[in-house]
Amino acid sequence: MEKKLIEKLIKKSIDGDERAFRELYDKYKGKIFKTAYLMLRDEKGAEDIVQEVFITVYKKIYKLKYAEAFESWLYKITINRCNEYFRKNSKAVVTDEEDMYQIYDTDIYAQPDERLLTEERNQQLDRKINSLSEKLKTCIILFYYNNMTIKQIADILGCSEGTVKSRLFKAKRAIEKKLNTELVKEGAYI
Amino acid sequence: MSLDNDLRNWAEEVDYNLKFTVEMSERCWRKIGEGMKEDRKWYEKFFIVLNRMNRKVPFKIVVTVAAVALAIIILSKGVNSIKDIFYKTPTNQSISADKEVKDEKKSEEKPVDEEPVKEEPKTEEKTEEKKELVIKNSIDNEDYGNGGSVDIQLPGHSEKYRLLVTKEDMKIQQAYQNRPVRLYLKINSEEVIFESIFNDGVFVSVADFDKTDNDIDIYIIETTTNILCRMYIYKFNGTSLQKYAELEIYSHKFKYDEEGNIYYWYSSSDTMEINKCFNYKTKVSSEITDPKLKNQLNQ
């Protein structure tokens with residue numbers, strides 16, 4: 001049902017139907033913003049990416065042959081725009097770990113201790129993911145946050161499935177290593 | 001707990017906590033709108049046209065037919081006739097349309113007494129056309145109950161207005177509440193907040209129940225756990241968005257004729273037969289007695 005609707009919206013958008021395009025935008029804007037934010041850690045930058053991505057989509061959507069490929073294509077544009085943003089603003093992008101948690105709400109249903117532990121764990125993970133190289137970070141975000149398959153990620157990044165698997169493996173090892181080092185530093189093993 | 005699970009938890013938390021607010025969304029959309037206005041390049045336009053044609057008729061057929069048609073014209077009339085095709089030669093219809101415009105202009109210039117008497121039959125034809133009742137089905141109206149937006153064109157206005165519907169889940173405060181939800185209907189600076197604390201689905205759609213007024217109707221249908229639904233009609237006249245009427249109907253489906261009549265089912269029988277008519281102008285409901293109309297509505 002959802003697929004058919006999106007297919008319909010894409011076809012209408014190709015024909016220049018602004019209403020249909022707005023609906024497409026409404027469906028994907030949140031995910032695109034969050035993906036871009038996780039990549040850049042810059043709210044303003046992520047907003048700019050959303051704008052650029054959808055302007056590109058509007059202008060190039062006629063090139064899309066199969067509606068099924070829309071989502072992968074959308075993320076491909078997002079990742080490319082993020083990479084461009086990195087290149088242009090390599091000095092300007094500051095990894096502000098605290099900043100992200102300012103917009104984090106706390107889960108009101110969790111018990112205080114449990115909540116603190118989960119929050120702390122997530123913060124630690126977030127810092128580690130953010131400190132990864134662009135390529136590894138992209139794989140982690142697309143796989144865990146966007147719930148994409150290895151094949152989809154390979155299509156988006158334009159590499160083989162094997163490369164994606166090895167990047168994911170490397171990324172997880174790097175995160176584990178960093179987490180363990182932190183635990184040792186804090187004396188958790190004593 | 002494995003790192004895999006931790007990463008999935010992290011992803012869930014990120015998704016839940018990161019917010020792309022309505023303000024951000026609208027700000028972005030305005031910028032996108034500016035980008036969309038930049039004219040497409042000529043080859044992009046060409047590909048769009050090709051794409052459209054290709055969907056309806058395979059491109060090879062279109063090219064072959066065009067080539068054959070061109071060849072026939074050249075063979076029968078000579079090369080000069082091709083020029084005629086590309087020059088704007090008005091068709092019979094467009095000529096008559098032009099004439100009508102000219103005639104209208106002339107009649108405007110003439111004093112009222114000089115209006116031609118011959119035009120009378122045309123008005124008769126029009127009234128005959130009007131007699132045929134066009135009935136619309138609410139199922140055909142798009143639902144924005146889960147959020148979304150739609151452009152609204154008011155009759156007699158060239159300006160378009162955008163209705164933005166946002167949905168927000170509310171917290172359950174009483175045991176009897178069922179999936180409480182809050183809807184924000186926004187057009188320009190006008191906003192209506194609608195809350196449904198006991199719902200099995202809320203539908204939001206746009207219709208024009210009465211073509212004779214200059215308003216557009218936005219209606220909300222709140223379904224409850226049984227088949228009885230409540231319908232709320234809001235009117236937008238270009239400046240204000242206000243609640244106009246409220247009625248109870250059975251099932252969320254109904255029909256209307258855009259002339260001020262809303263037909264719906266309201267009876268304890270389980271026939272699901274449309275038996276009531278709500279007069280939009282007088283806000284009074286009555287039983288449908290005309291068997292022909294009833295038959296037409298329940299087909």
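**Entry 1: H2(A) against H4(A).** I looked up how H2(A) and H4(A) cross and found a right-handed crossing, a crossing being left-handed if the near helix is turned anticlockwise from the far one by less than a right angle, and right-handed if clockwise. The axes of H2(A) and of H4(A), residues 70–88, come within 10 Å and cross at roughly 35 degrees; axes are lines fitted to C-alpha atoms over the stretch in contact, with angles running from 0 to 180 degrees between N-to-C directions. Helices here are DSSP runs (H or I, at least four residues), numbered from the N terminus. Among the contact residues are Ala36(A) of H2(A) and Cys82(A) of H4(A), contact meaning that C-beta atoms placed from the backbone lie within 7 Å.

**Entry 2: provenance.** I note that this is a predicted model, in which local features need pLDDT of at least 70 and side-chain atom pairs count only at pLDDT 80 or more, while totals for chains, interfaces and linings use all residues. Residues are numbered from 1 along each chain as its sequence is written, and chains are lettered from A and ligands numbered from 1 in the order in which they are written.

**Entry 3: H2(A) against H7(A).** I then turned to H2(A), residues 18–40, and H7(A), residues 134–145, which pack at about 145 degrees with their axes 10 Å apart. This crossing of H2(A) and H7(A) is right-handed, and its contact includes Thr35(A) and Met39(A) of H2(A) together with Ile141(A) of H7(A).

**Entry 4: Ala36(A).** Leaving aside neighbours within four places in sequence, I found Ala36(A) in contact with Ala46(A), Ile49(A), Val50(A), Thr78(A) and Cys82(A).

How values were computed. Helix = DSSP H or I, 4+ residues; strand = E, 2+ residues; numbered from the N terminus. Contact = placed C-beta atoms within 7 Å.
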